[in-house]
Amino acid sequence: MLQRNNIQAVYFVGAGGIGMSALVRYYLAQGKHVGGYDKTPSPLTERLIAEGAQIHFDESVELIPACFRDPATTLVVYTPAIPAGHAELQYFRQGGFEVMKRAQVLGLLTDQLQGLCVAGTHGKTTTSTMAAHLLHQSHVDCNAFLGGISKNYGTNYLYSAASPFVVIEADEFDRSFHWLHPWATVITATDADHLDIYGTKEAYLESFEHYTTLIRPGGSLILHTGLEMQPKVQEGVTIYSYSRTEGDFHAENIRIGGGEIVFDFISPRGVIRDVQLGVPVSINIDNGIAAMALAQLAGATDEELRQGMRSFQGVDRRFDFKVKTDKVVFLSDYGHHPKEIEQSVRSIRELYQDKHIAAIFQPHLYTRTRDFYHEFADALSLLDEVYLCDIYPAREQPIPGVTSQLIYDNLRPGIVKHMVHKEDLPDIARQGQFDVLISLGAGDIEDYVPQLTDIIAERAQAH
């Protein structure tokens, strides 16, 4: 049986996922043999291989290297997106290996270090990446396991030998965040999602309520105002509220204009004046307040917080401006939940009030489309023009009658709308009559973004 202090090799089934790859980097930094399987090569898997990971892309037990075949020294980590019948996963389970979910491994780290966790239906990747940047550039420092690539560091993993803190994005999918034991946590939102897992909105809220029981005594819960859930913390846990305009942590004197957003940060410890957002979109006021609250509780100084907010460059695929000129703007955003999309569109509308704003949207999952097609249509109807792609299935099989047409048919009257294939996207970039174009979705639509960026950049130069 594997002893935790005897781990010499770590094998990842699903090594190229954004969350898994941070753990790949962690164990590489620990000097372990690291390898694994992923379904398809990507720029991220290429970087992991260059950093020393042994990754292959064919599901085959024969391809597992010899150094990962000893149950006494090998830890196996998998993602819930991997099917139970996966040949390599079955090999390890039947061979007596210790097999753990990614979330279980992160849970071990929150036992060893002081976990600063960010949970919520949306906003958690940007908020956790902001918090990690605030601390990493401060005297406090931190380790971090993030759900997106930080533009400041070009990675989703930060390492510190000295800091007692670890920043973790706490994922509610498959109840993964129930393995964590935070020292402090933010909950950004509890809009129902993953109903393929939870079944009902009530069960989804109960899952967040259980998560709050896992906060360590003496720790903190930083809860967005207006959430439906009822926290159930242990004795000795302090509950704080936050939002853009009210709560223990909030903003005052917000100034938006000239491509900049500046505000005063109000907290139980006082006021930090003239905080400037490095990524000036209005949803980042909320995200920034939560990140500053976490970092302040961990010991960052006022000036470190101010400097960190100003120098934050954002996260790949979160309000990720690819082309930004006076003539045309193109950005990529990971938004795949109706509330996320609504907030994204409202933030863009605030920046570009008089512009024709269009979006390409690829729905993510048949179940999410089935459960929320009305809400998707409402959110997308805030745009001037919508291009709808086919549903990205990810881990799911098709559901009869569930297609992007459900969203299309419920868009508001008068909106310009199109059903398109991914192969049409370059022509849309060349010929579309937009001032601002947003690529929305968590699927493989991202693969087209570099090509669309080149086309739209050429278009901007031609004007």
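This is a predicted model: local features need pLDDT of at least 70, side-chain atom pairs count only at pLDDT 80 or more; totals for chains, interfaces and linings use all residues.

## A contact between Glu396 and Tyr366

A polar atom in the side chain of Glu396 lies 2.7 Å from the backbone nitrogen of Tyr366. Glu396 belongs to the loop between strand S19 (385–388) and helix H12 (405–409). Apart from residues up to four places away in sequence, Glu396 touches Asp196, Leu365, Tyr366 and Thr367.

Is Glu396 buried or exposed? Its relative accessible area is 13%, and the limit for a buried residue is under 20%; Glu396 is therefore buried.

Although Leu365 is not a glycine, its phi is positive, at about 85 degrees. With a relative accessibility of 1%, Leu365 counts as buried.

Asp274 also has a positive phi, near 55 degrees, and is likewise a residue other than glycine. Asp274 is placed in strand S15 (residues 270–276). Its relative accessibility is 42%, so Asp274 counts as partly exposed.

## Lys32 and its surroundings

Lys32 is located in the loop between helix H1 (18–29) and strand S2 (33–37). Which residues does Lys32 contact, leaving aside its neighbours within four places in sequence? They are Ile7, Gln8, Val10 and Tyr27.

Two of these partners can be described further. The backbone oxygen of Ile7 is reached by the side chain of Lys32 at 2.9 Å. Val10 and Lys32 are 22 residues apart in sequence, and their C-alpha atoms are 7.0 Å apart in space. Lys32 has a relative accessible area of 27% and is partly exposed.

Glu209 is part of helix H7 (residues 201–212). It counts as buried because its relative accessibility is 11%, and the limit for that class is under 20%. Beyond its neighbours within four places in sequence, Glu209 is in contact with Met229, Gln230 and Lys232.

Glu46 is found in helix H2 (residues 43–50). At a relative accessibility of 55%, Glu46 counts as exposed, since the exposed class covers values over 50%. Along the chain, Glu46 and Gly16 are 30 residues apart, while 9.2 Å separates their C-alpha atoms.

## The chain as a whole

The residues described above belong to a chain with 14 helices and 21 strands. Its radius of gyration is 22 Å, close to the 23 Å that the globule rule gives for 463 residues, so the chain is as compact as a globular protein of that length. Taken along the principal axes, the C-alpha atoms fill a box of roughly 65 × 55 × 45 Å. Of the contacts with a separation of 6 or more, 66% join residues 24 or more positions apart.

Note on methods. Residues are numbered from 1 along each chain as its sequence is written. Side-chain values use heavy atoms; hydrogens and water are left out. Helices (H or I, at least four residues) and strands (E, at least two) are DSSP runs, numbered from the N terminus. The radius of gyration is taken over C-alpha atoms; the globule rule is 2.2 Å times the number of residues to the power 0.38. Contact means heavy atoms within 4.5 Å. Buried means under 20% relative accessible area, exposed over 50%, partly exposed in between (1.4 Å probe, protein chains only). A polar contact is a pair of N or O atoms within 3.5 Å; within protein, one must be able to donate a hydrogen and the other to accept it, and residues adjacent in sequence count only if both atoms are side-chain atoms.
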